[in-house]
Amino acid sequence: SGIADYAYDLAKVLSRQAADVTVYTTETSPRALPGVEIHTVSENTGLEDLNDFDALVYQLGNNTGFHLWMIPLLHSHPGIVHVHDLVMHHMVAWQTWLEGDPESYLEVMERWHGPHGRKTAEEALRLEKYLWDSDEIGEYPLSEEYLQEATGVIVHSQHALRHIRQTTPHVPSFQVPQLYDLHEIKAPATKLRNIVILGGVDPQKRVDWVLETLANAENLIDTGQTLNLKIAGSIDPRCRHLEQRASEISSSRLQIDFLGRVTDSQFEQLFVEADLCIALRYPTMGETSAIVSRAMQYGVPTIVNNIGWYAELPEDVVKKLPVDGCQRRLGELLEYLLNDARAY
């Protein structure tokens, strides 16, 4: 995952600065890192006495499979929480409502969003339209439930920092840029030929918007030329239909490939070969996109939605499209990029 990549690079750089770094992970086959101790743990077994360390840093995201095991540790051994996703609503829901305790879920909603929050949750549960699957999820992040006991919080965006300072003002919080240990910078493109969408394909990535936009743009591609769209990452079951749609609109001028999960070297090569990265997102989970951060470091022009952390990015390296009318604006932008040499 992007969080794993970031944590790996962070441990690497800290060890270069003469810090003694010990990593605990549930990954069964972690990649070795010179100068860093890496231990696989299971159900919090295999941990040394955490009180012996000068600092504990939790790399916390909202994937329940990757991060939920840290929550009991955070309660028993508070430390610095490096927050990669502001919205952790479904983590809370997983520990309460989905464990057969809806009352605790409602209490958490009321604790952080008052009687209105509780009423909103009650109505959503009654209608079986769960908030954690709605476009309104960003209004109820519930990460405060985990951060209130932290000794400090690190985030990558002003969007997340403002919220955390407002909801948990007693916890010291800081923003740092999201950077990776990259070395190769791609040469600027002279014409748009290769587009990439990278990372897991889920409904929030709005890959359907991109496909439908390209379906209407085939006539903009020069005769005898091919525009390539490569989509790398695991596919959420809710998005499986997109593979069929891609095959329907692919042609001699437009080639669309779903690559699935790729190796690290293939992942890096996709950035190097890309003329354009599209990284739409709606709704935002308050995340800082590892894909967009990498694209900017590689020097790849990138298209995002003008929300959350993405809205903070500099205009000279990304194009920020509004959510409303996004497909129309994306079509206009692709027409410009395909037909105007000044675009590059």
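Which residues are exposed on the other side of helix 7?

**Entry 1: ground rules**

I am working from a predicted model, in which local features need pLDDT of at least 70 and side-chain atom pairs count only at pLDDT 80 or more, while totals for chains, interfaces and linings use all residues. I number residues from 1 along each chain as its sequence is written, and the side-chain values use heavy atoms, with hydrogens and water left out.

**Entry 2: helix 7**

I took helices (H or I, at least four residues) and strands (E, at least two) as DSSP runs, numbered from the N terminus. I called a residue buried under 20% relative accessible area, exposed over 50%, and partly exposed in between, with a 1.4 Å probe and protein chains only. Helix 7 covers residues 158–167, and in it I found Ala160, Leu161, His163 and Ile164 buried. Seen down the helix axis, these buried residues fall within an arc of 170°, so they line one face of helix 7; the arc is that of the directions from the helix axis to the C-beta atoms. On the other side of helix 7, I noted Arg162 and Gln166 as exposed.

**Entry 3: parallel strands**

I counted two strands as paired if DSSP finds at least two bridges between them. Strand 3 (residues 57–60) and strand 4 (residues 80–83) run parallel and are joined by four bridges, and Leu60 has Val83 of strand 4 as its bridge partner. Strand 4 also pairs with strand 5 (residues 152–155), again in the parallel sense, over three bridges. There I found Val81 opposite Val153 of strand 5.

**Entry 4: the cavity**

What lines the largest cavity? I first wrote out the rule: on a 1 Å grid over the protein atoms alone, a cavity is a set of points where a 1.4 Å probe fits but cannot get out, and lining residues have an atom within 4 Å of a point. Grid points are joined across faces, edges and corners, and a volume is the space filled by probe spheres set on the points. By this rule I have one cavity of 30 Å³ or more, and the largest cavity holds about 30 Å³ of space. Its lining consists of Val83, His84, Asp85, Leu86, Val155, His156, Ser157, Ala160, Gly286 and Thr288. I sorted this lining into four nonpolar, five polar and one charged residue, where Ala, Val, Leu, Ile, Met, Phe, Trp, Tyr, Cys and Pro count as nonpolar, Asp, Glu, Lys and Arg as charged, and the others, Gly among them, as polar.

**Entry 5: salt bridges**

I took a salt bridge to be a side-chain nitrogen of Lys or Arg within 4 Å of a carboxyl oxygen of Asp or Glu, and the count comes to 17. One of them joins the side chains of Arg31 and Asp264, at 2.1 Å from N to O. Arg31 lies in the loop between strand 1 (21–25) and strand 2 (36–40) and Asp264 in helix 10, so the pair ties together parts that are 233 residues apart in sequence. Arg31 is partly exposed at 49% relative accessible area, and Asp264 is partly exposed at 40%.

I then looked up Arg118 and Glu110, whose closest N and O atoms are 3.4 Å apart in their salt bridge. Arg118 is buried at 17%, whereas Glu110 is partly exposed at 34%. Both belong to a network of salt bridges that links Glu103, Glu110, Arg118 and Glu122. In another salt bridge, Arg281 and Glu287 have their closest N and O atoms 3.2 Å apart, and I noted both residues as buried.

**Entry 6: backbone details**

Where does Pro283 sit? I placed Pro283 in the loop between strand 10 (276–279) and helix 11 (290–298), and a cis peptide bond with omega of about -5° joins Tyr282 to Pro283.

Two residues other than glycine went down for a positive phi: Glu128, near 55°, and Leu142, near 60°. Glu128 lies in the loop between helix 5 (102–126) and helix 6 (144–147), and Leu142 is placed in the loop between helix 5 and helix 6 as well. Glu128 is exposed, at 60% relative accessible area, whereas Leu142 is buried, at 0%.

Terms used: 1 Å grid on protein atoms, 1.4 Å probe; cavity = no way out; pocket = protein on both sides within 12 Å on 5 of 7 lines; lining within 4 Å.
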